[in-house]
Amino acid sequence: MRIGLLGTGPWAQMAHAPALSGHEELDFAGVWGRRPEAAKELAERHGVRAYDDVDELFADVDAVAVALPPEVQASLAVRAARAGCHLLLDKPLAPTVEQARAVVEAAEEAGVASVVFFTARFQPRPAAWIAEQAAVPGWFTARAEWLGAVFTSESPFATPWRREKGALWDVGPHALSVLLPVLGDVRRVTAAVYGPGDTAHVVLDHAGGASSTLTLSLTAPPAAAGAGVELRGEAGVATLPDGSDGAVQALMRAADALLDAARTGRPHACEAAFGLRVTEILTAAQDLLDGRSWAARPGRSFAGGPVTAPGRS
C-alpha cells in the first residue's frame, strides 16, 4: 500500500514518519505540509518526495496518515477519502461533532477504511487487558487519570491547538478509548468541572450501569505526570498495565489494522465512527464546562447541570 504523510510537526517527525518508513508492507511515498520547507526537510530525511499540492499526493497514494491539528485533519480527511484514500488518523478525530461526522460520511461514501490512532489500543499489554476486562461482568466504577506536563515543562507538544482545547481534547480521547470498550457507551456526561490550569474532572454514566471519573490535565507538575486506569467491581480491582513499547511501534500496529480493514472490508474497532463517538462525548463534557463560571477563566462562564451526550438519552 502506497501511503503519504500529512504533517511535518514534532509528532510527524518523531512517530509517523519513522513508522511509515519502517513498515514492511507500506510504501512511504511522500510528505505534504502546511510549511513547504519543513515538508521538504522531512521528506529528504526519509528519502521520499515532498508534495506542494496535497491533491496531487492524494492521487499518487492508496492511503494517508495524518499528523495535523484536529480541525485541519478533519477537512483534509474528507478530501482524502473522496479521492479514494484510506485513512490513518490521529485523535481527536475533529474538534466538532459536525466535522467528525463529515469524515465518517466521506469514508463510508467512498468505501475507504479508517483507523484512528488511540495509543493504548495498539500496545500489546494494554490492548490485551482491555479485551480481558471487557469480558468481565459486574464492573461498578472506574477511575482514569491522564496527567501530562506539556505546559509545565519544555515540551514540543505545547502547540496552539492544545493551548486552545486543553487536556479534555488531547488526553481525554485516550481515557475514553480504554473505558468505552470495557464499561460500554456513555449514556450521560453527568458532571464536568475545571481544576488547576487546564485540568478537567469529568463524570460519566455508562450503558453497562457503571460510572467512571476522569481527571485530565496537561498542566500537572512534571513529578506528578503519568496515566492510569483502575476498575472496581464484583471481580475485584483491575489496573491498566503500562505499554512496553513506544509510539512508533504502536503506530505500525495501527497501520497493520488499516491494511487489514482495507483488504477485508471489516472495519476496525477504532475506525472513524468510534472517533466520532469520542468527539460526541467530549463535546457533551465541553458543553458542561462552558456552562460553569470559573474565576480563573476570564470571559468564560461555566454553570449548569447534567448534559446527555449528543444522540443519547
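These legends describe close-up views of a predicted model. Local features are given where pLDDT is at least 70, side-chain atom pairs count only at pLDDT 80 or more, and totals for chains, interfaces and linings use all residues. Residues are numbered from 1 along each chain as its sequence is written, and side-chain values use heavy atoms, with hydrogens and water left out.

**View 1. Helix 4 against helix 5.** Helix 4 spans residues 70-82 and helix 5 spans residues 97-110; helices (DSSP H or I, at least four residues) and strands (E, at least two) are numbered from the N terminus. Their axes come within 8 Å and cross at roughly 15°. Helix 4 is therefore roughly parallel to helix 5. Axes are lines fitted to C-alpha atoms, for helices over the stretch in contact, and angles run from 0 to 180 degrees between N-to-C directions. Angles under 35 degrees count as roughly parallel, over 145 as roughly antiparallel, 65 to 115 as roughly perpendicular and the rest as oblique. The crossing of helix 4 past helix 5 is left-handed (the near helix is turned anticlockwise from the far one by less than a right angle; clockwise would be right-handed). On the helix 4 side, E71, A74, A77, V78, A81 and R82 meet Q99, A102, V103, A106, A107 and A110 of helix 5, contact meaning heavy atoms within 4.5 Å. These contact residues comprise nine nonpolar, one polar and two charged. Here Ala, Val, Leu, Ile, Met, Phe, Trp, Tyr, Cys and Pro count as nonpolar, Asp, Glu, Lys and Arg as charged, and the others, Gly among them, as polar.

**View 2. Helix 8 against helix 10.** Helix 8 (residues 172-183) packs on helix 10 at an angle of about 115°, with the axes 10 Å apart. Helix 8 is thus roughly perpendicular to helix 10. The crossing is right-handed. Helix 8 contributes G172, P173, L176, S177 and L180, and helix 10 contributes F274, V278, I281 and L282. Seven of the contact residues are nonpolar, two are polar and none is charged.

**View 3. T283 in helix 10.** T283 lies in helix 10, residues 272-289. T283 counts as buried because its relative accessibility is 17%; buried means under 20% relative accessible area, exposed over 50%, and partly exposed in between (1.4 Å probe, protein chains only). A polar atom of the T283 side chain lies 2.7 Å from the backbone oxygen of T279. Beyond neighbours within four places in sequence, T283 is in contact with V97 and W169.

**View 4. The buried residues of helix 7.** In helix 7 (residues 160-170), W161, R162, G166, A167, L168, W169 and D170 are buried. Their cover includes helix 4, helix 8, strand 9 (200-206), strand 10 (211-217) and helix 10.

**View 5. F118 in a loop.** F118 sits in the loop between strand 6 (114-117) and helix 6. F118 is buried, at a relative accessible area of 1%. Residues up to four places away in sequence aside, F118 is in contact with K91, P173, S177, C270, F274, G275 and V278.

**View 6. P126 in helix 6.** P126 belongs to helix 6, residues 124-134, and is buried, with a relative accessible area of 3%. Not counting residues up to four places away in sequence, P126 touches A120, L240, P241, D242 and G243.

Conventions. Polar contact = N/O pair within 3.5 Å; in protein donor to acceptor, adjacent residues only side chain to side chain.
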